Amino acid sequence: MIVNSDAFNEKSFERAGLAEDPLPALRERFRLIEIPMTRLTFEALKDLALSQREAGRSKNFFALGLLYWLYGRPIEPTMAWIESRFEGEIREANRRVLMAGYHFGETSEQFPVSFEVPRAKIEPGTYRNITGNTALAYGCVAASVLMDRPLVVGAYPITPASDVLHELAKHRNFA
């Protein structure tokens, strides 16, 4: 289990409603790889004119870069996506942090192995790429139809529930 060791502090425990640090119990059950991702992210971005909040938003790219290395996946598609999605210093920050995570995996001795994930062999056909929210909505509609029962959903229209509600509204003819 890979954890951002910087995220385990008293303030975080309080926010999560925890009375104590959960890491000791996790160490007993799992092999933990504790990485100070927040600190390493800030270190990679120290010469950019970003606020702490802006720099902190890039830390997920550190974890993603690490996973690209760990599973032997090509990083170029995500680099191209960053190029198309972001501008200026935010683009540079995301690129740097993605590569910092990748290089951490390469140089750290915390990982005794890495894994090669071969390209998937996909049969020719028509496929659909959907989000989890869309899949949830489709599952609710399918269950309603298969059980011959009306679908009743109680939710507050706020992210991420709004996407589910929008998708369900598109299929109200099944109600």
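1. A nonpolar surface patch is formed by I2, L67, Y71, V113, F115 and V117, with about 460 Å² of accessible area together. Nonpolar side chains are joined within 5 Å. Areas are Shrake-Rupley values with a 1.4 Å probe.

2. The model is predicted: local features need pLDDT of at least 70, side-chain atom pairs count only at pLDDT 80 or more, and totals for chains, interfaces and linings use all residues. Numbering runs from 1 along each chain as its sequence is written, and side-chain values use heavy atoms, leaving out hydrogens and water.

3. Y71 sits in the loop between helix 5 and helix 6. Its relative accessible area is 35%, so Y71 is partly exposed (between buried, under 20%, and exposed, over 50%). Helices are DSSP runs of H or I, at least four residues; strands are E runs of at least two.

4. L98 touches F61, L64, G65, Y68, I75, T78, M79 and I82. Contact means heavy atoms within 4.5 Å; residues up to four places away in sequence are not counted here.

5. L18 lies in the loop between helix 1 (10–16) and helix 2 (23–29). At 39% relative accessible area, L18 is partly exposed. L18 and A161 are 143 residues apart in sequence and 26 Å apart in space, C-alpha to C-alpha.

Key
Patches are made of residues with over 30% relative accessible area and no salt bridge: like charges are joined within 9 Å, nonpolar side chains (Val, Leu, Ile, Met, Phe, Trp, Tyr) within 5 Å. A salt bridge is a side-chain nitrogen of Lys or Arg within 4 Å of a carboxyl oxygen of Asp or Glu. Buried means under 20% relative accessible area, exposed over 50%, partly exposed in between (1.4 Å probe, protein chains only).
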